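Here are my notes on this model, as numbered points. Please read them beside the coordinates.

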Amino acid sequence: MFTLSNTAGMQLTLLSVGACIQKLTVPDKDNISTDIVLGYDDPAPYITSKNYLGVVVGRCANRIHKGRFKLNGRHMQVIPNEGSNHLHGGPEGFSHKRRQGTRVDAHAIRFTLHSPDGDQGYQGNLEASVTYTLTEKNEVIIEYRATSDQDTIVNMTHHSYFNLPGQRGRSIEDHRLTIAADRYTPVNRELIPTGDILSVENTPPDFQQAVQLGDMLHTDFPQTHFTQGIDHNLVFKSLPFEQLKAALRHEGTGIQLNLYTDQPGMQVYTGNFPDGSAQGKNGINYPRFGGLCLETQGFPDAPNHPAFPSTLLEQGTTYKHTTRLQIGLAQSPIQSL
């Protein structure tokens, strides 16, 4: 366990299991310290949980259809772990592995992992790292790096469930979300992308204008029937890293989370599958829609869709991915992106 803190009252607690964010505590508008991520009090459940609370997933986040794809003309097979499909790196993916944690300085922790050739079916010996930095500007900067001795695919992401009022067992339906994304990748009944990239206009995944999540979660739309809520990859507009990509706000606490990333997409997952039986922090049972995941990423199933941005990592090159979360009290809500 590692803890980072700043002078503004923000604290970040990290675990070597899954390079996990166990706690992320910020003061709300009444100066009450509020832990805004779901999780467990004890580290042990992070090893076995199928909900991926707070962990970094990989080698390849999201789904690969039947765990099959071509790499340099060769047919590859990675291990299925969601029916016949491969999800978040397989049954023993990065989320379930203990990493080596090192304190870079007073403000940053780096977790490293060696993934051997053949791990979960992936080709190449991979050296992967994720570095968390907590700044005095109330920013959590997450930097991913990876190299391989063979061509392989890599698409790491972070899987925290955010609930801005904290550990109260409440739904996120009263949160407001805005995202600078004008397209999305629709899915079939197995939640595998169809290969299309469609406009979000007049669909539940349209967050270009600020939307209260409860208004989007109970609409009569075929895509949300498949996913039982929002569980879609949104395609960002062509914006530089320093331009805001998403904003999540809760009026009751005054807390707002602003997200910046260099990735082309983000999986927006509204916690559709937890059913209230899993006990989290403080003995609270997390309900359906109990947390929101904002998973910055390459597109799901990208190796099987030539029109999607590539997730290929070539031998001798470095995979790089940076996401910045800025969390604090906003003077006014962001209405559109």
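1. Largest cavity. Its volume is about 80 Å³. The model is a predicted one. The lining consists of L38, Y40, N51, L53, Y161, P274, A278, Y286, P287, G290 and G291. By class, that makes eight nonpolar and three polar residues, with no charged ones.

2. Second largest cavity. This one has about 60 Å³. Around it sit I142, Y144, H158, F162, L259, L294, T296, T323 and L325.

3. Cavity count. In total, the structure has five cavities of 30 Å³ or more.

4. Largest pocket. Here the volume is about 380 Å³. The lining has 20 residues, and K50, Y52, E82, L87 and H88 are the closest to the pocket centre. Its classes are six nonpolar, nine polar and five charged. So charged residues do occur in the pocket lining, whereas the largest cavity has none.

5. T270. This residue lies in the loop that runs between strand 23 (265–269) and strand 24 (293–297). Is T270 buried or exposed? It is buried, because its relative accessibility is 0%, and the cut-off for buried is under 20%. The side chain of T270 makes a polar contact of 2.4 Å with the side chain of N272. Beyond neighbours within four places in sequence, T270 touches I172, L217, G229, I230, F289, G291 and L292.

6. Overall fold. The protein contains three helices and 26 strands. Of contacts between residues at least 6 apart in sequence, 69% link residues at least 24 apart. Buried residues account for 59% of the 337 residues.

7. Dimensions. The C-alpha trace spans about 60 × 45 × 40 Å along its principal axes. Why does the radius of gyration agree with a compact globule? For 337 residues such a globule would be near 20 Å, and the protein has 19 Å, so the two agree.

How values were computed:
Residues are numbered from 1 along each chain as its sequence is written. This is a predicted model: local features need pLDDT of at least 70, side-chain atom pairs count only at pLDDT 80 or more; totals for chains, interfaces and linings use all residues. Side-chain values use heavy atoms; hydrogens and water are left out. Helices (H or I, at least four residues) and strands (E, at least two) are DSSP runs, numbered from the N terminus. Buried means under 20% relative accessible area, exposed over 50%, partly exposed in between (1.4 Å probe, protein chains only). A polar contact is a pair of N or O atoms within 3.5 Å; within protein, one must be able to donate a hydrogen and the other to accept it, and residues adjacent in sequence count only if both atoms are side-chain atoms. Contact means heavy atoms within 4.5 Å. On a 1 Å grid over the protein atoms alone, a cavity is a set of points where a 1.4 Å probe fits but cannot get out, and a pocket is an open set with protein on both sides within 12 Å along at least five of seven lines; lining residues have an atom within 4 Å of a point. Grid points are joined across faces, edges and corners, and a volume is the space filled by probe spheres set on the points. The radius of gyration is taken over C-alpha atoms; the globule rule is 2.2 Å times the number of residues to the power 0.38.
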